[in-house]
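Reader: I am new to this one. Can you show me how to read it, feature by feature?

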Amino acid sequence: VSVFAVALSLSVDPRLLWTLVATGSAFVGLRLWMMQRIGGTTGDTAGALIELTETVTLTAASLSMTYR
C-alpha cells in the first residue's frame, strides 16, 4: 500500500511526497512515544494517534500545496 501511495503521489504532484513523509513520521514518532510513555497501547491511545496523524496529514497537505 505504501509503495502505491508514493507512486500515486509522485505521479499526481511531487509535493505530495512531503505529506506522506510527514504522515509516516508523525505516526511512527507518536506511536513510539505512546509505547514508551505508558508501556503499551489502548483504545484511547489508538484514537488519539488517529486524530493526531490526521491533523498532521491535513496540515502537511495544505502546506505542500501552498508553497511552490
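Author: Start with a pair of contacts. This is a predicted model. Leaving aside neighbours within four places in sequence, Thr53 is in contact with Thr23 and Phe27.

Reader: Where does Thr53 lie?

Author: Thr53 is part of helix H3, residues 43–66.

Reader: Is Thr53 buried or exposed?

Author: Look at relative accessibility. The cut-off for buried is under 20%. Thr53 has 11%, so Thr53 counts as buried.

Reader: What does Thr23 touch, beyond residues up to four places away in sequence?

Author: Thr23 touches Thr53, Val56 and Thr57.

Reader: Which backbone oxygen does the side chain of Thr23 reach?

Author: That of Thr19, at 2.8 Å.

Reader: How do I read spacing along a helix?

Author: An α-helix has 3.6 residues a turn, so residues three or four places apart point the same way. Now take the buried residues of H2: Thr19, Thr23, Ala26 and Met34.

Reader: What covers the buried residues of H2?

Author: The cover includes H3.

Reader: How many residues does H2 have, and what does it span?

Author: Compare the span with the expected one. H2 covers residues 16–38, which is 23 residues. From first C-alpha to last, H2 reaches 33 Å, close to the 33 Å expected at 1.5 Å a residue.

Reader: What follows H2?

Author: Gly39 does. The phi of Gly39 is positive, near 75°.

Reader: Now the surface. Which residues make a nonpolar patch?

Author: Phe4, Leu8 and Val12 make one, of about 340 Å². Val12 belongs to helix H1, residues 2–12.

Reader: Is Val12 buried or exposed?

Author: The cut-off for exposed is over 50%. Val12 has 59% relative accessibility, so Val12 counts as exposed.

Reader: Step back. How many helices and strands are there?

Author: Three helices and zero strands. From the N terminus, the order is α-α-α.

Reader: What share of the residues is buried?

Author: Of the 68 residues, 19% are buried. The accessible surface is about 5,100 Å², and carbon and sulfur atoms account for 71% of that.

Reader: And what share of contacts links residues 24 or more positions apart?

Author: Count contacts with a separation of 6 or more. Residues 24 or more positions apart make up 49% of those.

Technical notes: Residues are numbered from 1 along each chain as its sequence is written. This is a predicted model: local features need pLDDT of at least 70, side-chain atom pairs count only at pLDDT 80 or more; totals for chains, interfaces and linings use all residues. Side-chain values use heavy atoms; hydrogens and water are left out. Helices (H or I, at least four residues) and strands (E, at least two) are DSSP runs, numbered from the N terminus. Buried means under 20% relative accessible area, exposed over 50%, partly exposed in between (1.4 Å probe, protein chains only). Contact means heavy atoms within 4.5 Å. Accessible areas come from the Shrake-Rupley method with a 1.4 Å probe; for residues, only the protein chains shown count as cover. Patches are made of residues with over 30% relative accessible area and no salt bridge: like charges are joined within 9 Å, nonpolar side chains (Val, Leu, Ile, Met, Phe, Trp, Tyr) within 5 Å. A salt bridge is a side-chain nitrogen of Lys or Arg within 4 Å of a carboxyl oxygen of Asp or Glu. The expected span of a helix is 1.5 Å times one less than its number of residues. A polar contact is a pair of N or O atoms within 3.5 Å; within protein, one must be able to donate a hydrogen and the other to accept it, and residues adjacent in sequence count only if both atoms are side-chain atoms.
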